[in-house]
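Reader: Hi! Could you walk me through this one? I'd like to start with the overall picture and then get into details.

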Amino acid sequence: QVQLVESGGGLVQAGGSLRLSCTASGSIFAINAMGWYRQAPGKQRELVATITSGRSANYADSVKGRFTISRDNAENTVNLQMNSLKPEDTAVYYCNADARPTTSRNFYRYWGQGTQVTVSS
């Protein structure tokens, strides 16, 4: 019903930048919060940043001042601009969306398939 597709991952040197994008598609009635999480090898998935439909953003302490989340409500897109990347930012990054499909009155959390970000030292 609702699909999320991420793009923009890759390999970058420490100090570099990457921009991740995620677009939600399908039978969407509305989307509330959207966000980015990441999971490094051997670690649990952790929150990176979230943004409400009103564009109020929340960040993990580890990325504050370096990452910026934004969204385009008309395009159902959420972006993550990542600057001053560090090797510890290496992980698979997942976008999510709290969306209501047209066939339901409920909101559900949907996830993308993930995109790899690797930061070399």
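Predicted model: local features only at pLDDT ≥ 70, side-chain atom pairs only at ≥ 80, totals over all residues.

Reader: What about the overall dimensions: what box do the C-alpha atoms fill?

Author: Along the principal axes, the box is roughly 45 × 25 × 20 Å.

Reader: And how does the radius of gyration of the chain fit with a compact globule?

Author: It agrees, because a compact globule of 121 residues would have a radius of gyration near 14 Å, and the chain has 14 Å.

Reader: Nice. What share of the residues is buried?

Author: Buried residues account for 42% of the 121 in the chain. As for the surface, the chain exposes about 6,200 Å², with carbon and sulfur atoms supplying 46% of that.

Reader: What about contacts between residues at least 6 apart in sequence: what percentage join residues at least 24 apart?

Author: That would be 56% of them.

Reader: Let's switch to strands. Which residues of β11 are on the covered face, and which on the uncovered one?

Author: Strand β11 covers residues 115–120, and T115, V117 and V119 form its covered face. Q116, T118 and S120 are on the uncovered face. In a regular strand, side chains alternate between the two faces of the sheet.

Reader: In which sense do β2 and β11 pair, parallel or antiparallel?

Author: Parallel: strand β2, residues 10–13, pairs with β11 over four bridges. Within that pairing, G10 stands opposite V117 of β11, and V117 belongs to the covered face.

Reader: How many bridges join β9 to β11?

Author: Three, and those two strands run antiparallel. Strand β9 spans residues 91–101. There, V92 has Q116 of β11 as its bridge partner, and Q116 is on the uncovered face.

Reader: Changing topic to backbone angles: what is phi of R55?

Author: R55 has a positive phi of about 70°, although it is not a glycine. R55 sits in the loop between β5 (46–51) and β6 (57–59). R55 counts as partly exposed because its relative accessibility is 48%.

Reader: And N76, where is that found?

Author: N76 lies in the loop between β7 (67–72) and β8 (77–82). Phi of N76 is near 55°, a positive value in a residue other than glycine. At 22% relative accessibility, N76 counts as partly exposed, since buried means under 20%.

Key:
Residues numbered from 1 in each chain as written. Heavy atoms only, no water. Rg over C-alpha atoms; globule rule 2.2 N^0.38 Å. Buried < 20%, exposed > 50% of the residue type's maximum accessible area, 1.4 Å probe, protein only. Contact = heavy atoms within 4.5 Å. Areas by Shrake-Rupley, 256 points an atom, 1.4 Å probe, with all protein chains shown as cover. Pairing = 2+ DSSP bridges.
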